[in-house]
Amino acid sequence: MLDTNRLRVFAAVARHGSVTAAARALNYSQPAVSHHLARLESETGSRLVQRVGRGIRLTDAGRLLAERAEEILGRLDAAEAELAAHTGLRAGRVRLAAFPSALGTFVPAAAAAFTAAHPGVELRFTEAEPPDAVRLLRAGEVDVALLFSYPDAAFPDDALRHTPLLTEPICLVTPAGLPGDTLADHAGRRWITGCERCRRQLVRSCAAAGFTPDIAFTTDDYVAVQALVAAGLGVTTLPALALAAQRNPSVRTVRLPGCVRSVSAALHGDAPDPPATTALLEHLAHAAATALAP
């Protein structure tokens, strides 16, 4: 019989592409991860990985087992959550994946309220941008994923159930004192952008304004983005949550009419949900409702 702990280790190695990265994600030592891999290969009688430089490559048998391992582990976690539901909210665990600006604004308030109301339930966080959060959700590694989407780039996964939390404006961010309240006013300047989804949205918005932005800097760190703008190295757009989480006093912001993105809490699988998950959703909705209050 396959050991589920070794399956978790193998799934992490397959996901991260190296023993070192898997060890870091699992808080294991590298020798411990290598030991689990060796034991799993012994148990299965198959070579599962090949060393390639500093990383690994899955064999055909390894790819097959990695796919099954994600499914098996997801079902085990789901069973654990269902069993925890029988104890109500006196015990159990709920896991949340959230993008950085949500973690920097309304998530802490929601988490504090949830923990105060249900001290026996363990709440865990994972920082993840939406594509990674969806993967974690589908794999059963988190119970709730906070996602953002733009009007013309929604998530196509029909297996996800979304609870809308808020709609946040998108703002033009320029150095303090620099005139110009529209994207077109800055068509000749250099631009700064973030994750791939945000970059695509910026390019689409600028195209609608009649130009192609000269993207000179790319970083997911909204603090760094504002520092670059404040230094006069470019202009950018940022969602309101990022500005609420950390606002550089040396930048000027203007809301762009009609430019918004939606934030939702996503779940995977059929209802009903465990009580802890339902309670967390309620606290997230309450905290998000005041996240952008003046």
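**Figure 1. Contacts across the whole chain.** Of the contacts (heavy atoms within 4.5 Å) in the protein with a separation of 6 or more, 71% are accounted for by residues 24 or more positions apart. This is a predicted model, in which local features need pLDDT of at least 70 and side-chain atom pairs count only at pLDDT 80 or more, while totals for chains, interfaces and linings use all residues. Residues are numbered from 1 along each chain as its sequence is written, and side-chain values use heavy atoms, with hydrogens and water left out. Eleven helices and ten strands make up the secondary structure; helices (H or I, at least four residues) and strands (E, at least two) are DSSP runs, numbered from the N terminus. Taken along the principal axes, the box filled by the C-alpha atoms is roughly 70 × 50 × 35 Å. Of the 294 residues, 44% are buried, where buried means under 20% relative accessible area, exposed over 50%, and partly exposed in between (1.4 Å probe, protein chains only).

**Figure 2. The largest nonpolar core.** Here we look into a core of 43 residues, where Phe106, Leu146 and Leu284 have the most contacts. A nonpolar core is a set of buried Ala, Val, Leu, Ile, Met, Phe, Trp, Tyr and Cys residues joined through side-chain atoms within 4.5 Å. Two or more residues each come from strands E3 (93-98), E5 (144-149), E6 (160-175) and E10 (251-268), and from helices H6 (106-117), H8 (196-208) and H11 (275-289). H11 gives the largest share, seven residues. Leaving aside neighbours within four places in sequence, Leu284 is in contact with Leu96, Phe106, Val107, Ala110, Val144, Leu146 and Leu165. Another core lies apart from this one and has 20 residues, among them Val9, Phe10, Val33 and Leu58.

**Figure 3. The buried side of helix H7.** In H7 (residues 130-138), the buried residues to look for are Pro130, Ala133, Val134, Leu136 and Leu137. They lie on the same side of H7 because they cover an arc of only 160° around the axis, the arc being that of the directions from the helix axis to the C-beta atoms. Their cover includes E3, strand E4 (122-127), E5, E6, H8 and E10. Gly140, with a positive phi near 80°, follows H7.

Figure 4. The 13 residues of H1 (residues 4-16) reach 18 Å from first C-alpha to last, close to the 18 Å expected at 1.5 Å a residue; the expected span is 1.5 Å times one less than the number of residues. Buried along H1 are Arg6, Leu7, Val9, Phe10, Ala11, Ala12 and Val13. After H1 comes Gly17, whose phi is positive, near 85°.

Figure 5. Strands E1 (residues 49-52) and E2 (residues 55-58) pair in the antiparallel sense over four bridges; two strands pair if DSSP finds at least two bridges between them. Val52 has Gly55 in E2 as its bridge partner. Two residues lie between the strands of this hairpin, and Gly53 in the turn has a positive phi of about 60°.

**Figure 6. Two cysteines without a disulfide.** The sulfurs of Cys195 and Cys198 are 3.2 Å apart, too far for a bond. A disulfide is a pair of cysteine sulfur atoms within 2.5 Å, and by this rule the count is zero. Cys195 is buried at 12% relative accessibility, and Cys198 is buried too, at 18%.
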